[in-house]
Amino acid sequence: MGFDHVAGVGTRVWRWSRTSGTQPRLLHAAKAAGAAALAWFVARHVPGVASEYPYYAPLGAVIAMQTTVWAGLRSGIQTLIGIALGIGVAGFTMWIGDPGILAVALAVGIGVLVGGFRVLGEGSSWVSTAALFVLLVGGAHAEGYSLGYLVQMAVGVVVGLLVNFLVFPPLHFWDAEHRIDAVNEVLADHLDGLAAVMREGKRDVAAWDRQQDRLDRAIADVRSRVSIAHESRKVNPRGALRGSRLRLEQDGARFRALERVAWYTTDLTELVARSGPVSEEVGRPSPEFAEPLAKALDQIACVIRGECPEEAADLAIAEVERALDASRENPSHVAVTSAALVSLRGVVESERRATADIDTKTGPFGSARAGRAAS
């Protein structure tokens, strides 16, 4: 087995681990395990009554080990506030009477009401949980238990935040960039289907609805990834670097361009497939429009997949323009085709902005996409 073969296999495994999310999951799991172990060690050396409840510290560490440092900080603070409120609810319930069925019901009821405030975020569920723990686990030692519970959870949260902040604090730029590939595949499939409709003159409204839903979900996924990338820069020493700030701005611009591509594609579908020249109300377009439009859709889909040079889309659109310039008949077809041309141009230009200087399989690059398209 030659060195080149081994290197090739290693490269494929590395790319698979990155595109599948295995790499960040493994790193996150290792950091969470380390934070929990460290929190357990520290908790056993906390002075006072809190040392009797060290098992809450690893739980606090896990809560703070979120996908971003900022999310961990927010989650940790909200959880501690929720626990403190739950301890207060339990104290109020015990002040009314001895713990029992009614006390448990009252603690949960008040806890759920208090936890309903949206500002508590992830801490909302901890209000009633903490109240129950104090009532049922703390019992006669509720005061000492409450203090130990809150202190050890705080110890765990602090340890988790420190580990997440100091050990490869996560930046999720590449994950957002990689998701562009998934959106491009959906867009290309959509355009291929639209080209088939132009050639066959048959439309399937249910199929277009399913395809549009698929496109909407893909765009929503990228929006979520870009949002996480923005959040990953907060309270992150790596996020202060100039390169990360620039990359985040570029990712935001790419996402906005992708949204425009999706909008133009949807508009093109409405024009051509639903209410345009292949709809039942208007009928089939004349061949001089149908074939150039279908060819342009095919070429744009090929360019979006990175399998054709970018010039192919421009040449195909130019053929539609020539067909439009040569026509003096069927005004409704001319109007629809003119509107379709605007959408086609919008798809091509927005797609160029979305994929400029990026290889969605490996991340930002200089000329890999151009070389791949030319090959």
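A definition to begin with: a helix axis here is a line fitted to C-alpha atoms over the stretch in contact, and angles between axes run from 0 to 180 degrees between N-to-C directions. This is a predicted model, so please hear every value as computed from it.

Start with the pair H4 and H7. Helix H4 covers residues 69-96, and helix H7 covers residues 142-166. Their axes come within 9 Å and cross at roughly 175 degrees. Angles over 145 degrees count as roughly antiparallel, and H4 and H7 are therefore roughly antiparallel to each other.

Which residues make the contact? On the H4 side they include Val69, Leu73, Leu80, Ile83, Ile87 and Met94. On the H7 side, among them are Ala142, Tyr149, Met153, Val157, Leu161 and Phe165. By class, the contact has 15 nonpolar and five polar residues, and no charged ones. Among the residues on the list are Gly72 and Gly76 of H4, and Ser146 and Asn164 of H7.

Now H7 by itself. Helix H7 has 25 residues and reaches 36 Å from its first C-alpha to its last, close to the 36 Å expected at 1.5 Å a residue. After H7 comes phenylalanine 168, whose phi is positive, near 45 degrees.

Last item: alanine 294, in helix H11, residues 287-304. Is alanine 294 buried or exposed? Its relative accessible area is 0%, and buried means under 20%, so alanine 294 is buried. Leaving aside residues up to four places away in sequence, alanine 294 touches Ala195, Met198 and Arg199. The C-alpha atoms of alanine 294 and valine 197 are separated by 8.3 Å, with the two residues 97 apart along the chain.

Notes:
Residues are numbered from 1 along each chain as its sequence is written. This is a predicted model: local features need pLDDT of at least 70, side-chain atom pairs count only at pLDDT 80 or more; totals for chains, interfaces and linings use all residues. Side-chain values use heavy atoms; hydrogens and water are left out. Helices (H or I, at least four residues) and strands (E, at least two) are DSSP runs, numbered from the N terminus. The expected span of a helix is 1.5 Å times one less than its number of residues. Angles under 35 degrees count as roughly parallel, over 145 as roughly antiparallel, 65 to 115 as roughly perpendicular and the rest as oblique. Contact means heavy atoms within 4.5 Å. Ala, Val, Leu, Ile, Met, Phe, Trp, Tyr, Cys and Pro count as nonpolar, Asp, Glu, Lys and Arg as charged, and the others, Gly among them, as polar. Buried means under 20% relative accessible area, exposed over 50%, partly exposed in between (1.4 Å probe, protein chains only).
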